[in-house]
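Here is a short report on one protein model. Look at the sequence and the structure first, then read on.

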Amino acid sequence: SASSSEDNKLAKMMSDILTSALCEQLETVIAYFREQAAANDGVLDTSIRSQHYQTTQSCLQMIFRILASFFNWPLLADPIYEPLLKGSLKAMANRISQELTQEESTCDLLAK
């Protein structure tokens, strides 16, 4: 049906956005907080929170809300969308795994 076709297109588009652009933004925001912590001996000092810091923090919260909304989307509960849901989760897990591997490599270098 036309509605089902539109649902498929919408679900695929949301999955693509989630696993590409949104993950890139999340990585950028996390990198900002890591830089802030590194510049302050590993501490995110509440006394130096600038407007940019607060805006970035709001962006991070928004990204997590979007992710929660996507994964709680009722359409994804339909078994027909299970491959799409699994694919989205796998893509995110792969990005997280890559990030952790890079972080561990950095920690190993610093420990030497």
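The report starts with the whole chain and then turns to single residues.

## The model and its confidence

This is a predicted model. Across the protein chain the pLDDT averages 76. A score of at least 70 is reached by 80% of the residues.

The highest mean is in H2, at 85. The lowest is in H3, at a mean of 71.

## The overall fold

The protein chain has three helices and zero strands. Read along the sequence, the pattern is α-α-α. Helix H1 covers residues 2–39. Helix H2 spans 51–71, and helix H3 spans 82–111.

How far apart in sequence are the residues that touch? Take the contacts between residues at least 6 apart in sequence: 67% of them join residues at least 24 apart.

## Surface and interior

The chain has 112 residues, and 21% of them count as buried. Its accessible surface comes to about 7900 Å². Carbon and sulfur atoms account for 59% of that surface.

One nonpolar patch lies on the surface. Leu 10, Met 13 and Ile 17 form this patch. Together they have about 250 Å² of accessible area. Met 13 belongs to helix H1. Its relative accessibility is 43%, so Met 13 counts as partly exposed.

## The nonpolar core

Which residues touch the most other members of the largest nonpolar core? They are Leu 18, Phe 33, Ile 63, Leu 67 and Tyr 81, out of 18 residues in this core. H1 gives the most, with eight residues.

Leave out residues up to four places away in sequence. Tyr 81 then touches Ser 4, Asp 7, Asn 8, Ala 11, Leu 75 and Leu 76.

Start with Leu 26, which is found in helix H1. Is Leu 26 buried or exposed? Its relative accessibility is 11%, so Leu 26 counts as buried. Not counting residues up to four places away in sequence, Leu 26 touches Leu 60, Ile 63, Phe 64 and Leu 67. The C-alpha atoms of Leu 26 and Cys 59 are separated by 8.6 Å. Along the chain, these two residues are 33 residues apart.

Now take Thr 56, in helix H2. Thr 56 is buried because its relative accessible area is 8%, and buried means under 20%. Which residues is Thr 56 in contact with, leaving aside its neighbours within four places in sequence? They are Val 29, Tyr 32 and Phe 33.

Ser 88 lies in helix H3. Its relative accessibility is 0%, so Ser 88 counts as buried. Leave aside its neighbours within four places in sequence. Ser 88 is then in contact with Ser 15, Leu 18, Thr 19, Phe 70 and Phe 71.

Ser 20 is found in helix H1. At 31% relative accessibility, Ser 20 counts as partly exposed. Along the chain, Ser 20 and Ala 91 are 71 residues apart. Their C-alpha atoms are separated by 8.8 Å.

## The salt bridge

Side chains of opposite charge can pair when their charged atoms come close. How many salt bridges does the structure hold? It holds one. The side chains of Glu 82 and Lys 86 meet there, at 2.9 Å from N to O. Both residues lie in helix H3. They are four residues apart, which is about one turn of the helix.

Lys 86 has a relative accessibility of 51%, so Lys 86 counts as exposed.

Terms used: Residues numbered from 1 in each chain as written. Heavy atoms only, no water. Patch = residues over 30% accessible without salt bridge, like charges linked within 9 Å, V, L, I, M, F, W, Y side chains within 5 Å. Areas by Shrake-Rupley, 256 points an atom, 1.4 Å probe, with all protein chains shown as cover. Salt bridge = Lys/Arg side-chain N within 4 Å of Asp/Glu carboxyl O. Helix = DSSP H or I, 4+ residues; strand = E, 2+ residues; numbered from the N terminus. Buried < 20%, exposed > 50% of the residue type's maximum accessible area, 1.4 Å probe, protein only. Core = buried A, V, L, I, M, F, W, Y, C linked by side-chain atoms within 4.5 Å. Contact = heavy atoms within 4.5 Å. pLDDT = per-residue confidence, 0-100.
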